[in-house]
Amino acid sequence: MHLDAKALTGKTVLLTGASRGIGAVTARALAAANATVIATYRNQREGAEEAVEDLPEQQKLVLQGGLDTPAAARELWRAALAWDPDIDVVVLNAGVIPDTPFDGPDEVWDAGWQEALQVNVIGTGALMREAARYFVARGSGTIIVLSSWAAEQGSRLRDLTSYAASKAAVRNLAQTFARNFAREGLRVYVLAPGVVNTGMAIAGQDEAQTRAVADGLAMGRLVEAEEIAALIAFLVTDAVPSLSGSTVDVNGASYVR
């Protein structure tokens, strides 16, 4: 899926988690199609800057902000709007994947659940709500939510329960907004990637471990971040608005519904 170099001209996209992994690759794909990109990061400013380095200054903003609290999410939204009051798309990519060890100490389990719900559901949900209200009032706009195949089938790793549950929750919120505001011009798309060959999905693994995971998948390989980025860039065009509310599985036939 390849977009023309000017396909996203005039589109302003707020992208969370742009400093690494899927977010950084997506920022580059959006820039390649000439979108204006508000690239947010939590700690790694250099990564976010590199992801949008090919855009002219007037077409990019690198913005620090997190989703740790609803207040932080709303402040992030206000800062983005202050720079460009005509945002067209929000891509909710940032997230955390804390361990919640089944056989571990209670305090570790509890802390993992608290972090996953706070960032992946409550903070992300607050930002999604701000964007949805803005788009509904304007009569148009797109929200793209990064969920996970774990949200569809449960996690295959018993120590990542909070991650799977949080991604299912945010998917449900996205579906609710899509259903309730379709006539007001709001488009909401959910992506459910399998194991992606970058970022959190393979963090801490050596080459042999990554290869072992790939060998257990139907295609014998991981999902490439460029595939996710290309799909996001296409959805930004709103070329198929009737996809609103859909969850798009990107897992190489390893999980088929």
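Tutor: Happy to! Let's begin with the term itself: a nonpolar core is a set of buried Ala, Val, Leu, Ile, Met, Phe, Trp, Tyr and Cys residues that are joined through side-chain atoms within 4.5 Å. Please keep in mind that what you are viewing is a predicted model.

The largest nonpolar core has 38 residues, and among these L30 and I144 touch the most other members. Several elements each supply at least two residues of this core: the strands β1 (12-15), β2 (36-41), β4 (89-92), β5 (141-146) and β6 (186-193), together with the helices α1 (21-32), α2 (45-51) and α8 (225-236). The largest share comes from α8, which gives eight residues. As background, nonpolar side chains tend to be buried together in soluble globular proteins.

Now zoom in on I144. Setting aside neighbours within four places in sequence, I144 is in contact with V89, V90, V91 and L92, with Y189 and L191, and also with I232, L235 and V236.

Next, look at the charged side chains.

Start with R45 and E49, whose closest N and O atoms are 2.7 Å apart. The two residues are four apart in helix α2, which means that about one helical turn separates them. R45 is partly exposed, at 36% relative accessible area, and E49 also counts as partly exposed, with 36%.

The second pair is R74 and E130, with 3.7 Å between the closest N and O atoms. This bridge links distant parts of the chain, since R74 sits in helix α3 (residues 70-83) and E130 in helix α4 (residues 106-138), 56 residues apart. R74 is partly exposed with a relative accessible area of 28%, whereas E130 is buried at 15%.

For the third, find R138 and D88, whose side chains meet in a salt bridge at 3.5 Å, N to O. R138 belongs to helix α4 and D88 to the loop between α3 and β4, so this pair ties together parts that lie 50 residues apart in sequence. Here R138 is partly exposed, with a relative accessible area of 29%, while D88 counts as buried at 14%. Elsewhere, salt bridges that share partners join E152, R171, D249 and R257 into one network.

Finally, step back to the whole protein. Its secondary structure comes to eight helices and seven strands. The radius of gyration is 17 Å, close to the 18 Å that the globule rule gives for 257 residues, so the protein is as compact as a globular protein of that length. The C-alpha trace spans about 50 × 35 × 35 Å along its principal axes.

Buried residues make up 50% of the 257 in the protein. Among contacts with a separation of 6 or more, 73% are between residues 24 or more positions apart. As for the surface, the protein exposes about 11,800 Å², and carbon and sulfur atoms supply 50% of that area.

Note on methods
Residues numbered from 1 in each chain as written. Predicted model: local features only at pLDDT ≥ 70, side-chain atom pairs only at ≥ 80, totals over all residues. Heavy atoms only, no water. Buried < 20%, exposed > 50% of the residue type's maximum accessible area, 1.4 Å probe, protein only. Contact = heavy atoms within 4.5 Å. Salt bridge = Lys/Arg side-chain N within 4 Å of Asp/Glu carboxyl O. Rg over C-alpha atoms; globule rule 2.2 N^0.38 Å. Areas by Shrake-Rupley, 256 points an atom, 1.4 Å probe, with all protein chains shown as cover.
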